[in-house]
Structures are given as structure tokens and as C-alpha cells.
Amino acid sequence: MAGEDWNSGLFSCCDDIKSCCYGFWCCPCLACTVSGLFGQNHCLPLCDICSPAVTSAFGIPLCVPPAGLALRVGIRQKYEIKGSLCKDIATSCVCVWCSWCQLHRELKYRNHTPAVVNQPKK
């Protein structure tokens with residue numbers, strides 16, 4: 001898919017220390033914040049916490065966090081960010097914490113509205 005790159009890399013936590021600390025100390029809270037910033041239900045990421053236990057009780061192994069993956073794909077599609085579903089799955093499975101931090105940084109960057117300055121005519 002053509003488009004632009006992510007605003008920050010997956011491991012670029014030093015680009016935004018606040019997001020990094022927020023994710024490190026309370027990743028579920030950061031995930032819920034990202035979901036809300038993207039216009040989805042704040043509790044959606046809690047499915048990622050509950051779904052492995054529920055599905056394994058029925059004998060279905062689940063290693064891909066469904067909400068994290070869905071939000072990552074949605075953000076990538078909405079902002080036309082380069083990537084693929086395969087990369088999204090790998091990122092969501094291998095480094096969940098870094099993925100949520102990257103999504104948070106991206107949404108902060110995309111939702112930042114620049115200030116408009118009007119100069120009076122002379």
C-alpha cells in the first residue's frame with residue numbers, strides 16, 4: 001500500500017517519554033486511551049486481556065490480540081501508512097507494549113491541530 005511511514009518507529013519510545021512511561025507503568029490504560037483517541041470504545045482493548053483466557057477454556061489457542069490488531073490496521077488504513085496485515089500481526093504479537101506506544105504517538109501526532117496565526121493588514 002502506498003502512503004507514508006509511521007511518524008515514529010516501533011522502538012522510538014524516547015521520542016515521547018510521557019507515552020513510553022504511561023505504557024510501561026499501565027499498558028492497559030494506554031491501550032484504552034488509544035482506543036478512545038481513535039473514536040472507539042475505551043474498553044475495547046480489555047478484550048485482549050480477557051480473550052486468551054476465554055478462548056483457551058474452549059480449547060482455542062489465541063496469540064493475536066484482536067483489539068490491538070484491529071486498531072493498528074484501522075489507524076494504518078485511515079492515515080494511509082505503509083505496511084501490511086502480515087507486519088501488523090507480527091508487531092501486535094511480538095511487541096504489544098511497543099505497538100500501543102507507537103499507536104499513541106501516531107494519534108497524538110495526527111490529532112495535533114496546528115495553530116493558525118492571522119496577521120493584521122498594514
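A search of the whole structure, a predicted model, finds 2 aromatic pairs. Both are listed here.

| Ring pair | Centre distance | Plane angle | Type |
|---|---|---|---|
| Phe24 and Trp25 | 4.8 Å | 85° | edge-to-face |
| Phe24 and Trp97 | 6.0 Å | 75° | edge-to-face |

Phe24 takes part in the pair with Trp25 and in the pair with Trp97. Together, the ring pairs link Phe24, Trp25 and Trp97 into a cluster.

What does the pair of Phe24 and Trp97 tie together? Phe24 lies in helix H1 (residues 17-25), and Trp97 lies in helix H6 (residues 96-111), so the pair joins parts that are 73 residues apart in sequence.

Is Phe24 buried or exposed? Phe24 has 51% relative accessibility, so it counts as exposed. The cut-off for exposed is over 50%. Trp25 is exposed too. Trp97, at 27% relative accessibility, counts as partly exposed.

**Thr91 in helix H5**

Thr91 sits in helix H5 (residues 85-94). Its relative accessibility is 14%, so Thr91 counts as buried. The cut-off for buried is under 20%. Which residues does Thr91 touch, leaving aside neighbours within four places in sequence? Its contacts are Leu10, Arg72, Val96 and Ser99. One of them, Arg72, is among the buried residues of H4.

**Helix H4**

Helix H4 spans residues 66-78 and has the highest mean pLDDT among the elements of the protein chain, at 92. Its length can be checked. With 13 residues at 1.5 Å a residue, H4 should span 18 Å. The end C-alpha atoms of H4 are 18 Å apart, so expectation and model agree.

Which residues of H4 are buried? They are Ala67, Gly68, Leu69, Leu71, Arg72, Ile75 and Arg76. An α-helix has 3.6 residues a turn, so residues three or four places apart point the same way. The buried set of H4 includes Gly68, Leu71, Arg72, Ile75 and Arg76. Just after H4, Glu80 takes a positive phi of about 50°.

**Confidence**

The protein chain averages a pLDDT of 84. At least 70 is scored by 83% of the residues. Which element has the lowest mean pLDDT? Helix H3 (residues 46-57) does, at 72. Where pLDDT is low, the predicted coordinates should not be read in detail.

Notes:
Residues are numbered from 1 along each chain as its sequence is written. This is a predicted model: local features need pLDDT of at least 70, side-chain atom pairs count only at pLDDT 80 or more; totals for chains, interfaces and linings use all residues. Side-chain values use heavy atoms; hydrogens and water are left out. pLDDT is the predictor's confidence in each residue, from 0 to 100. Helices (H or I, at least four residues) and strands (E, at least two) are DSSP runs, numbered from the N terminus. The expected span of a helix is 1.5 Å times one less than its number of residues. Buried means under 20% relative accessible area, exposed over 50%, partly exposed in between (1.4 Å probe, protein chains only). Rings of Phe, Tyr and Trp (its six-membered ring) pair if their centres lie within 6.5 Å; planes under 30 degrees apart count as stacked, over 60 as edge-to-face and the rest as tilted. Contact means heavy atoms within 4.5 Å.
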